[in-house]
Amino acid sequence: MRRTASLVLLALAVFFAALAPLLRWYAFPRLAKIPPSQYQEMVLEAKPATLLDYTTLKAKQVEKVTIVQTLKGNVEESEKIERDAGRDVVVWDSLSHVVGPDGKMVSQIPERYIFDAHSQAPVHATGEMVDGDPVRREGIEFKWPFLTEKRDYEYFDAQTRTSAPIHYKGTRTFRGLEVYYFEQTIPWTKVPMPKKMPIEGITPEIIAQSGMTRWYTTTRMFWVEPVTGAPVNGEEIHKEELRGAKKMGMSQDTVTAFAGHVKMRPDYIDHTVELVSANRLMVLILVSYLPWTFLIGAALLLTLSLWLEARSRHPRPTDSERAAEPVAA
């Protein structure tokens, strides 16, 4: 009986020992994925900010500028691309809608971001664009990979339509979570005018014909929860200028179009931290908690199996054997 029990325990130990790496290296890449139908809304504010008044063509300080950023999963498009790509793909249709203190639109820039559902690596397909311009992204945007590493990543900048390194600057604590802090600075760069302008009748083509150009610089900061790869906070020190402005009748040749320190609104930070904390537990179950539980369980089962096997090899003496033994005086 002991030998049978020992073999059963040994078989269970082998099973759990094999299951641990399968969970980490096989199940995790197939189960930890961004859902294709995800919808997310984020509100950021710059308080105070400098904003160009297009009616007077002068920059002035305003109480705040609000940026509403939405990410909407396009399930139909992702299914089309998946058939050719041979892997799970997510298509995000993004919109950055900027409004001034009066609630009127300042700019509106749509994007389509196509990426691998697990690795977040860009997937190049028809429809990848920023503000209607076709792009070919390199690196990440919006989200870091699961199990983010302490290193620099290539991060796509939508304004310049190019990628540049975003640097790992250290580990910090944010709202009780251990996070990695990343920072990227884009130097002054000439960028396209938004397709949708705040004044009806003024188009990017009209501005281009005048010889006026738009320039931009920013320092963007992200606090990233490394298990999920999700930013729990983001900020930008952002500045835009119109150069050659005298050609449009302005008194100065360089005019600030927008400048401000953009931060996530506190209620959206709270919601993001709560969501990321819940998803973090699910990822840790797949990559850490269950694999280690199975390995420890396998070791205990193996120990018990060997103990039973050892006992089965040294049976207790029978009553007749004990009776035959000499009795010490």
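Student: In which sense do strands β1 and β13 pair, and over how many bridges?
Tutor: This is a predicted model, where local features need pLDDT of at least 70, side-chain atom pairs count only at pLDDT 80 or more, and totals for chains, interfaces and linings use all residues. Residues are numbered from 1 along each chain as its sequence is written, and side-chain values use heavy atoms, without hydrogens and water. Strands (E, at least two residues) are DSSP runs numbered from the N terminus, and two of them pair if DSSP finds at least two bridges between them. Strand β1 (residues 39–53) pairs with β13 in the antiparallel sense, over six bridges.

Student: Which residue of β13 is the bridge partner of Leu44?
Tutor: β13 spans residues 254–264. The bridge partner of Leu44 there is Met264.

Student: How many bridges join β12 to β13?
Tutor: Strand β12 covers residues 230–243 and runs antiparallel to β13. Glu241 stands opposite Thr256 in β13. The bridges joining β12 to β13 number nine.

Student: How many residues of β13 are buried?
Tutor: Buried means under 20% relative accessible area, exposed over 50%, partly exposed in between (1.4 Å probe, protein chains only). Strand β13 is mostly covered. Of its eleven residues, the buried ones number eight.

Student: Over which rings does Arg243 lie?
Tutor: A charge sits over a ring if NZ of Lys or CZ of Arg is within 6 Å of the ring centre and within 35 degrees of the ring normal. Arg243 lies 5.0 Å from one ring centre, that of Trp188. It lies 4.4 Å from another, that of Trp215. The rings are Trp188 and Trp215.

Conventions. Helix = DSSP H or I, 4+ residues; strand = E, 2+ residues; numbered from the N terminus.
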